[in-house]
Amino acid sequence: MKFRSFTLLCFSFLTIALAACKEDADVLAPAGTLDIELDHVVGTTPLTLTTGTYTTPLGQQFTVSTFNYYLSNIRLKKADGTEYAEPESYHLVKESDATTKAFTLKDVPAGDYTSLSFTIGVDSARNVSGAQTGALDPSNGMFWTWNSGYIYTKLEGSSPQAGGNKQLLFHIGGFKKPNNTIRTVSPSLNGATIQIRKDRTPAVHLAADVLKMFTGPNPINFATLSNTMGGSSSVLVADNQAAGMFRVDHVHAN
Amino acid sequence: MRRLVLLGLAGLLLPACTTEADVAPAWEVPGTEVPANFPAPVYATSQNPPSREAFELGRSLFYDPRLSRTGDISCGSCHQQFVAFAHQDHRLSHGVDNLLGTRNAPALQNLRWRSELLWDGGAKHLETMPLAPITNPVEMDETLENVLRKLNADAGYQQRFERVYGRRPIDSQQLLKALAQFTAALTSSNSRYDHYRRHEAGGELSAPELRGLQVLRQKCGACHAGELFTDETYRNNGLDRTFAADSGRAHITGRPQDAGRFKVPSLRNVALTPPYMHDGRFRTLREVLDHYSGGMVESGTLDAQFRRSTGGPGIALTDDEKTDLLAFLQTLTDTEFTHDQRLAEHR
């Protein structure tokens, strides 16, 4: 036993020594951090809750009073295919709370990452895993009680073109076929690499475009769809979201 | 098992002559063992390891009317122990401000074995299920935030939660985990039928009861299957022609083929839990059997097994078979469960 420990120790020193000259050696590579920052826009305009008025490509005006969503299971991938997956990766982002619009991935193994992916929503397992805490605490108002499961994206607002009370209520969620609205996306880094190093603090600036909920493969007409809480109409919106709601605005190296 | 039963019995006898505090060390959390004739549970004890203190916390919460907006409706208001945690004589659930719900409050028993709860299966986990009645405007009509505010304003609760979970303030995870300690403990497995199945003392079934069991397994067993007497599916048992009032499972899935389908309920303690069906329309088990033998109506989603080559939908049952079935159903009554002092409201 003693002998084995000693051997292990020698190997460890050797590996550390090697890692020092070869930066992205996987096992004992030093870890760094990555900041993720989110900007909310409507087309080319920054999102302003309540007072901002926006227009869809169908010419319908709307305002937004609530814009919340889950961004989860964040993964980074190197050119050689090795991946880093953030543990307990559940982030609730709210336009109304600036502190939620930036967060840091810690202990990311050093290296050059060439792609980023994440889920808009919450994986199906966590929808049925019982009482959760933190971002997934049901008191965050992103949990359906009568048909239990998370609301992945919650957009509320109003539009003169919407039927009835003119309210927009887009609660996108659901994890069961055929109305599964979990979408995993990998917005292009536009050729940039995310360089994780012990002594750097790189950042990825993501833009989330509200307009893309209503445009894309399924243009949304508020006259016919202004209220969805899961189900097939939520799938239409989820498909729009997957088609490009998130884009990488830029990557900061430091 | 026998030891547990003895402890249970001791629990029944002691409160008569001593105070609860005196008995406290004598018993264990109920429902922690899987009865020999039951399948493996869905919600294993490892997911929320039972402890006496956490269970007692859940018990207090279950009977605490502060969980409702008006402060007068607790879980126990509509789920009464003496009728296997169903609501006696109430066709529909009865919530705050005397509002009536749209469905019959079901018995709460053997919830460890349920992967989906409520008549339509909308609640997919035992721990998060209470959020449905707490927030339902015609049940408890309260917000999770308010419930936590009220609990955190109570020094007694604060101390008890902290002893169990080691942190303050009380959060929703603690609340829901504690409630699940109690609801998961509601195991009913000591009916006369259970003793019969496990070849235990007190497990003698009479000839009519045994015949009733045969009829049940033959003619009702496709749905009321296994030792829990339900296959946990959703089915349309021919109550209505249309489902505008309550689409049942379709309300959850959005699929037209699920309209009028409701969860097949367990038959355990069924003699204690009238009225019957999701809307409590039948007052007696005799009425239920008459419905199956001759009262069903056709609809597009009617369960296929009720369709017959001749005549209307239903199950062929003779009067003798009905009499035997009614005799057997009585053997599913578990008075040990309905009298277990550990599950009763604290006095």
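What percentage of the 254 residues in chain A do buried residues make up? Buried residues make up 36% of them, where a residue is buried if 20 or more other C-beta atoms lie within 10 Å of its own, exposed if 12 or fewer, and partly exposed in between, with C-beta atoms placed from the backbone. The model is predicted, so local features need pLDDT of at least 70 and side-chain atom pairs count only at pLDDT 80 or more, while totals for chains, interfaces and linings use all residues. Residues are numbered from 1 along each chain as its sequence is written, and chains are lettered from A and ligands numbered from 1 in the order in which they are written.

**Figure 1. The two chains and their contact.** Chain A has three helices and 16 strands, whereas chain B has 14 helices and two strands. Helices (H or I, at least four residues) and strands (E, at least two) are DSSP runs, numbered from the N terminus. Of the 347 residues of chain B, 44% are buried. The contact between the chains involves 16 residues of chain A and 20 residues of chain B, two residues being in contact if their C-beta atoms, placed from the backbone, lie within 7 Å. On the side of chain A that touches chain B there are four nonpolar, eleven polar and one charged residues. In this classification Ala, Val, Leu, Ile, Met, Phe, Trp, Tyr, Cys and Pro count as nonpolar, Asp, Glu, Lys and Arg as charged, and the others, Gly among them, as polar.

Figure 2. A nonpolar core is a set of buried Ala, Val, Leu, Ile, Met, Phe, Trp, Tyr and Cys residues joined through C-beta atoms within 7 Å. The largest one has 51 residues, and A:Tyr70 and A:Tyr152 have the most contacts inside it. Strand E4 (residues 61-78) of chain A gives the most to this core, with eight residues. Apart from this core lies another, of 49 residues, among them B:Val29, B:Ala54, B:Phe55 and B:Leu186.

**Figure 3. Helix H3 of chain A.** The buried residues of this helix (residues 232-242) are A:Ser233, A:Ser234, A:Leu236, A:Val237, A:Ala238, A:Asn240 and A:Gln241. Their cover includes strands E8 (111-120), E10 (149-158), E11 (167-173), E12 (183-185) and E15 (227-229) of chain A. Just after H3(A), A:Gly244 takes a positive phi of about 145°.

**Figure 4. Helices H3 and H8 of chain B.** Helix H3 (residues 52-62) and helix H8 (residues 172-183) of chain B pack at an angle of about 95°, with their axes 7 Å apart. Axes are lines fitted to C-alpha atoms, for helices over the stretch in contact, and angles run from 0 to 180 degrees between N-to-C directions. The two helices are therefore roughly perpendicular to each other; angles under 35 degrees count as roughly parallel, over 145 as roughly antiparallel, 65 to 115 as roughly perpendicular and the rest as oblique. Residues of this contact include B:Phe55 and B:Phe62 of H3(B) and B:Leu175 and B:Phe182 of H8(B). By class, the contact of H3(B) with H8(B) has ten nonpolar, two polar and one charged residues.

**Figure 5. Helices H10 and H13 of chain B.** The axes of H10(B) and helix H13 (residues 319-330) of chain B come within 7 Å and cross at roughly 105°. H10(B) is thus roughly perpendicular to H13(B). Among the residues making the contact are B:Glu209, B:Arg211 and B:Leu213 of H10(B) and B:Glu321, B:Asp324 and B:Phe328 of H13(B). The residues of the contact of H10(B) with H13(B) divide into seven nonpolar, two polar and four charged.

**Figure 6. Backbone features in loops.** Most residues other than glycine have a negative phi, and most peptide bonds are trans. A cis peptide bond joins B:Arg168 and B:Pro169, with omega about -10°; B:Pro169 is in the loop between helix H7 (155-165) and H8 of chain B. The bond from B:Pro274 to B:Pro275 is also cis, with omega near -5°. A:Glu88 has a positive phi, near 45°, and counts as exposed with 9 C-beta neighbours inside 10 Å. B:Ala84 also has a positive phi, of about 55°, but counts as buried with 25 C-beta neighbours inside 10 Å.
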